Amino acid sequence: LCAKGPRPDPFAEGVARMEAGDPGGALRSFRATDGDAAPPPAVALLEGICRYDLGEDAAAEPLLRAAEASAAHRDTARLYLGLLRLRAGDASEAAALFDAARNGPALAGVAREMGRLARRDGRLVLSLLAESGWDSNVTLAPDGAQPPAESDGAFGLTAEALWRPRGRSGPYVRATAGLSEQLSLDDYDVSALDGALGWQLRLPSLALAAEYDVGARTLGGRRHFTAQRLLASAVLSRGRTALSATYAALFEDYV
């Protein structure tokens, strides 16, 4: 035994394999730490994360629930439970779990952003964006041009409504309206209006989408162009690998 040297630590070996991107190998190492007994919370958490990475959501949930019972691992467990619910299409439950995971300062930023994304995954999503800024060269004039470049302040508003009557999978309707106003250079004011009809299928390992979009733009209060867009996409995922294909066609009609 002395000639063979110290025995490897299965837990440390499992962590090293996780960091190397080998969740399957990490699971085998973690299982060696406790055999058939229920894993301690720290091991349950890491096993649950590995199962999540492998796409084995049904096996990951009880492990993460066991880790959630421990105060030391509760926030991380809730974050991954939220990811499980988000992948299953339950946006409201995912958002609640992400909110609960914000107690820990180390995860607060990630949990807040994931909660925001989850709330955009509901059946009816309404959003409003306001922004302002200053552009030092609104006219895009080159250096030394006559007349010289003009600067101006601007503000913008964008509103969007997305309705998915059957949730993540099925038909959807989206409408977007936007306005960008210069403070003084009115010829560069832009307004936009878009409407889209689409269909999507979202499964744990497959996502399909098809969409038809029509939009119009004005520049300086005058019609600038109208456009039609066709989009089709597919994403196939297996473990940590994803294969995607997208086709898009745009037809524009300028005034």
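Reply: Phe11 counts as partly exposed because its relative accessibility is 30%; buried means under 20% relative accessible area, exposed over 50%, and partly exposed in between (1.4 Å probe, protein chains only). Phe30 is buried, at a relative accessible area of 0%. This is a predicted model, in which local features need pLDDT of at least 70 and side-chain atom pairs count only at pLDDT 80 or more, while totals for chains, interfaces and linings use all residues. Residues are numbered from 1 along each chain as its sequence is written, and side-chain values use heavy atoms, with hydrogens and water left out.

The structure holds three aromatic pairs. Rings of Phe, Tyr and Trp (its six-membered ring) pair if their centres lie within 6.5 Å; planes under 30 degrees apart count as stacked, over 60 as edge-to-face and the rest as tilted. One of the pairs is Phe11 with Phe30, tilted, at 5.8 Å centre to centre and 50° between the planes. This pair links distant parts of the chain, with Phe11 in helix H1 (residues 10-19) and Phe30 in helix H2, 19 residues apart. Helices (H or I, at least four residues) and strands (E, at least two) are DSSP runs, numbered from the N terminus.

Another pair is Phe225 with Tyr254: the ring centres are 4.9 Å apart and the planes are at 40°, so this pair is also tilted. Phe225 lies in strand S6 (residues 222-238) and Tyr254 in strand S7 (residues 241-254), 29 residues apart. Phe225 counts as buried at 14% relative accessibility, whereas Tyr254, at 47%, counts as partly exposed.
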